[in-house]
Amino acid sequence: MFLLCLFSLTSCNVKTNEVSVSATSYIVIEQSTNKILQGNNYDVSRSVAAISKIMTAIVTIENIDVNKIVKVPSEINKVYGSSVYLKVDQEITILDLLYGLMLRSGNDAAITLAISVSKSVDSFVNLMNKKADELGLKGTYFNNPHGLDEQDDGNISTAYDMAILYSYCLKNELFAKITQTTQYKTYINKNRLVRTYSYCTGGKTGFTKKAKRTLVTSASKDNINLIVVTLNCGSDFKTHQDIYEGYF
């Protein structure tokens with residue numbers, strides 16, 4: 001039986017079923033019940049970088065026709081970092097933007113989706129926070145749709161909240177399809193586990209200098225369906241796979 005691990009609020013190494021987990025915080029839950037199987041500091045709020053785009057995606061899917069064609073707004077010029085290289089006034093479907101958001105972590109896609117859904121970024125962020133409240137994500141607060149945290153406090157959440165959010169999102173058929181896609185048109189999924197680990201069923205990567213590496217993934221084998229979230233884990237892909245193999 002796996003025991004719940006509660007340690008200090010600083011980064012540490014935790015032995016879990018012979019797997020060394022080095023992260024500021026992490027959690028493993030069973031997908032269908034959201035039961036916590038193991039974790040460390042999973043209720044500590046911190047910047048989570050681009051894994052916050054999970055919320056951007058589900059709010060979009062639930063509030064607009066994904067086949068709608070929209071124009072890329074000039075506001076994309078205000079963002080930096082990961083991009084799918086959209087051009088102002090370019091016409092594109094919401095669906096294509098969602099794939100660019102989740103597979104390539106396009107910050108320009110995040111801004112375009114936010115404005116397409118709510119007319120303004122601030123209004124869309126309000127929808128993100130409303131959804132967080134509905135799901136009971138008490139350690140979560142969103143400031144933007146992309147996760148950049150250099151110009152504001154970024155998007156604040158916990159490993160536990162991100163696991164619960166992702167579990168909710170996987171119940172949406174379109175979201176589940178997008179997140180487990182290895183390649184869509186020219187977009188290759190940055191979550192390499194969907195290509196290299198046969199049991200991986202999706203996920204989302206993230207990184208900023210403040211948040212460090214963040215990763216949410218899911219995997220299934222023999223009716224065992226798990227979700228793993230790591231925040232500030234330098235070897236996150238290997239760690240996630242090792243955790244899954246330990247349970248499977």
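Visitor: Which residues does S157 touch, not counting residues up to four places away in sequence?
Guide: This is a predicted model in which local features need pLDDT of at least 70 and side-chain atom pairs count only at pLDDT 80 or more, while totals for chains, interfaces and linings use all residues. Residues are numbered from 1 along each chain as its sequence is written, and side-chain values use heavy atoms, with hydrogens and water left out. Contact means heavy atoms within 4.5 Å. On that basis, S157 touches V44, S45, R46, V48, G139, T140 and M162, residues up to four places away in sequence not being counted.

Visitor: Is S157 buried or exposed?
Guide: Buried means under 20% relative accessible area, exposed over 50%, and partly exposed in between (1.4 Å probe, protein chains only). S157 has a relative accessible area of 0%, so this residue is buried.

Visitor: With which side chain does the side chain of S157 make a polar contact?
Guide: A polar contact is a pair of N or O atoms within 3.5 Å; within protein, one must be able to donate a hydrogen and the other to accept it, and residues adjacent in sequence count only if both atoms are side-chain atoms. At 2.7 Å, the partner of the S157 side chain is the side chain of T140.

Visitor: Which backbone nitrogens does the side chain of N144 reach?
Guide: N144 counts as buried because its relative accessibility is 3%. Its side chain reaches the backbone nitrogen of H146 at 3.1 Å. The N144 side chain also reaches, at 2.6 Å, the backbone nitrogen of G147.
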